[in-house]
Amino acid sequence: MQINGANVLVTGANRGLGRQFARSLVERGAAKVYATARRPELVDVPGVIPVRLDITDTTSVAAAAVAAPDVDILVNNAGISTGANLISGDLATIRREMDTHFYGTLNVIRAFAPQLAGGAILNVLSAISWLAFDGAGAYHAAKAAEWALTNSARLELAAQRTLVTGLHLGAADTDMMAWYSGDKAAPEVVVAAALDGIEADRTEVLADSWSRQVKAWLAEDPAVIYREAAAALTA
Ligand SMILES: NC(=O)c1ccc[n+]([C@@H]2O[C@H](COP(=O)([O-])OP(=O)(O)OC[C@H]3O[C@@H](n4cnc5c(N)ncnc54)[C@H](OP(=O)(O)O)[C@@H]3O)[C@@H](O)[C@H]2O)c1
């Protein structure tokens, strides 16, 4: 899958990783970059085509698929992090996480799948797809669901030769992680790993050492995983 000359659509392209995807795609010679956002007037990347898209609104998604009818690569980046836990958190907030990461991403994939034969989908997941955090129960569940969606979409779209890639990362330096004072990857480093992965036809990209560590823990008993994760996070 070559980015040079491809038409690419990015969700949530007005800030954070999505804005960096749009910039890097232009730099790598994408023919068209549809930089979508709930408020497209906020898209400030030179050389892109701003398109209005709220991934949780099926009418908005259908309109975007008409406005961008020739997409080769879809980057499902849009996301939220509410900090809601599952037992104590507000149910409407928990549903909003699921509506965004799972149903929102699914809405976009369903609308654009007919355009993506021989193309690619990149879903921006997280190390938290695989590891629960107290204070991020809803985000963990929604990202785990989005990971499952990634795997099912890959199977369901194999017949039309659509590469479906999951990107996992720990922390990147964006608004979403502004509260976090630990190590954060630069958005351009994460995005470069993701785009290199697509160009190498990879089904999974682990963008940093934390996502590689969390993936390695999956083979362990949960008691071991959560003991080792707690130790690593307090080290
Ligand atoms: N930053 C990290 O450390 C990290 C780690 C792991 C995974 N991720 C994932 O990376 C992706 C990008 O996160 P980020 O760090 O760049 O976050 P961010 O800086 O908070 O940006 C989130 C983007 O998603 C958009 N968005 C949210 N809900 C949307 C909706 N319903 N429809 C369309 N756009 C919507 C936001 O638009 P508005 O401006 O309109 O709100 C914004 O453009 C997310 O999927 C996140 O879960 C991030």
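## Basis

Helices here are DSSP runs of H or I with at least four residues, strands are E runs of at least two, and both are numbered from the N terminus. On that scheme, helix 5 covers 187-199 and strand 7 covers 204-206, and the loop between helix 5 and strand 7 holds Asp 201. The model is predicted.

## Helix 4

Helix 4 runs over residues 137-156, which makes 20 residues. From its first C-alpha to its last, helix 4 reaches 28 Å, close to the 28 Å expected at 1.5 Å a residue.

## Glu 146

Glu 146 is a residue of helix 4. Glu 146 counts as buried because its relative accessibility is 0%, and buried means under 20%.

The side chain of Glu 146 makes a polar contact with the side chain of Thr 105, at 3.4 Å. With neighbours within four places in sequence left aside, Glu 146 is in contact with Thr 105 and also with Asn 76, His 101, Phe 102, Asn 123, Val 124 and Leu 125. As for Ala 92, that residue is 54 residues from Glu 146 along the chain, and 19 Å separates the two C-alpha atoms.

## Ligand site

The ligand is surrounded by 28 residues, and the closest are Asn 14, Arg 15, Tyr 139, Ala 172 and Thr 174. Helix 4 and helix 1 (16-27) each supply at least two residues of the shell around the ligand. By residue type, the shell divides into 13 nonpolar, ten polar and five charged.

The ligand taken alone exposes 900 Å², of which the protein buries 95%.

## Positive phi in two loops

Most residues other than glycine have a negative phi. Arg 161 has a positive value, near 55 degrees. Arg 161 sits in the loop between helix 4 and strand 6. Arg 161 counts as exposed because its relative accessibility is 60%, and exposed means over 50%.

Asp 201 also has a positive phi, near 60 degrees. Asp 201 counts as partly exposed because its relative accessibility is 48%.

## Ser 181

Ser 181 is placed in the loop between strand 6 and helix 5. Ser 181 is exposed, with a relative accessible area of 77%. Between Ser 181 and Asp 221 there are 40 residues of separation in sequence and 30 Å in space, C-alpha to C-alpha.

Definitions and conventions: Residues are numbered from 1 along each chain as its sequence is written. This is a predicted model: local features need pLDDT of at least 70, side-chain atom pairs count only at pLDDT 80 or more; totals for chains, interfaces and linings use all residues. Side-chain values use heavy atoms; hydrogens and water are left out. The expected span of a helix is 1.5 Å times one less than its number of residues. A residue is near a molecule or strand if one of its heavy atoms lies within 4 Å of it. Accessible areas come from the Shrake-Rupley method with a 1.4 Å probe; for residues, only the protein chains shown count as cover. Ala, Val, Leu, Ile, Met, Phe, Trp, Tyr, Cys and Pro count as nonpolar, Asp, Glu, Lys and Arg as charged, and the others, Gly among them, as polar. Buried means under 20% relative accessible area, exposed over 50%, partly exposed in between (1.4 Å probe, protein chains only). A polar contact is a pair of N or O atoms within 3.5 Å; within protein, one must be able to donate a hydrogen and the other to accept it, and residues adjacent in sequence count only if both atoms are side-chain atoms. Contact means heavy atoms within 4.5 Å.
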